[in-house]
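This report goes through the fold, the surface and the aromatic contacts of one protein. Please keep the sequence and the model open while reading.

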Amino acid sequence: TADAKSELKAMAYAATDPILEVNATLALLNWFDPVDDDRNEFLGFARRGVDSAKRCGSTDAEALFHAHIAAFLLWEFNTGVVNAGLAIAADFLLSFSITPIEQTQQGLTRLRQLEEGWKAETAAAMGLIRESRDHGAVASVLVVLGSNMGQLAHTQRIVGEQSSADGYLAHSKTLLMAAKDAYLAAGDEAGATNAIFNLANQLR
């Protein structure tokens, strides 16, 4: 509920214990709603969570925060790619450019920054969980990253890059199947079901 989220935000902001802050922030991120919640606000929580996780020595939590940051950056990247594709299509149909060159250049620069950002955050998350012995934590990270790749595949398909879309979808399937196996190794059947459900959404 909105009240529960407000309480979690207050805990995350006011906590002096990094472990409390990490747990409150992770709970908050788990209930992110793209319709009702401010994506930039949650991105800020995830970035602060990385620092808090480092302070309490939790590399698993740090990896999950990096995965969530990647998701937020990738959402903006995907939106930018679709908008750029629509602008190019419009310019082609009209035989002249309706978007100022400076604006186009700024948009492309932002897309490059976002691409570098989500790739770096994904690599950071993957690097950290390679050292983890907690199957449940590994699975949680893989679910976020696998869903990210599925969304990227969808975006690539929208703009007509079918080959790239197929590659990202295959990557998504690999990550989500690995998440299912990690959940089962942790004895978490509900988590394994959730991973398969996420995969079904990406394939659909």
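## Basis and fold

Which pattern does the protein follow when read along the sequence? The protein follows the pattern α-α-α-α-α-α-α-α, and its secondary structure comes to eight helices and zero strands, where helices (H or I, at least four residues) and strands (E, at least two) are DSSP runs numbered from the N terminus.

This is a predicted model, in which local features need pLDDT of at least 70 and side-chain atom pairs count only at pLDDT 80 or more, whereas totals for chains, interfaces and linings use all residues. Residues are numbered from 1 along each chain as its sequence is written, and side-chain values use heavy atoms, with hydrogens and water left out.

## Overall dimensions and contacts

The radius of gyration of the protein is 18 Å, which agrees with the value near 17 Å that a compact globule of 204 residues would have; the radius is taken over C-alpha atoms, and the globule rule is 2.2 Å times the number of residues to the power 0.38. Along its principal axes, the C-alpha trace spans about 60 × 35 × 30 Å.

Among contacts (heavy atoms within 4.5 Å) between residues at least 6 apart in sequence, 64% join residues at least 24 apart.

## Burial, surface and charge

Of the 204 residues, 41% count as buried, a term that means under 20% relative accessible area, with exposed meaning over 50% and partly exposed in between (1.4 Å probe, protein chains only). The protein exposes about 11,400 Å², of which carbon and sulfur atoms supply 56%, as given by the Shrake-Rupley method with a 1.4 Å probe.

There are 16 positive and 25 negative side chains, and the centres of the two sets lie 4 Å apart; Lys and Arg count as positive and Asp and Glu as negative, while His and the chain ends are not counted.

## Aromatic pairs

A search of the whole structure finds five aromatic pairs, meaning rings of Phe, Tyr and Trp (its six-membered ring) with centres within 6.5 Å, where planes under 30 degrees apart count as stacked, over 60 as edge-to-face and the rest as tilted. The rings of Tyr13 and Phe45 have centres 5.0 Å apart and planes at 55°, so this pair is tilted. Because Tyr13 lies in helix H1 (residues 2-14) and Phe45 in helix H3 (residues 39-55), the pair ties together parts that are 32 residues apart in sequence. Tyr13 counts as exposed at 52% relative accessibility, whereas Phe45, at 2%, counts as buried.

The rings of Phe32 and Phe72 have centres 5.1 Å apart and planes at 80°, so this pair is edge-to-face. It links distant parts of the chain, with Phe32 in the loop between helix H2 (18-30) and H3 and Phe72 in helix H4 (residues 59-94), 40 residues apart. Both Phe32 and Phe72 are buried. Tyr13, Phe32, Phe42, Phe45 and Phe72 form one aromatic cluster.

Definitions and conventions
Charge placed at Lys NZ, Arg CZ, Asp CG, Glu CD.
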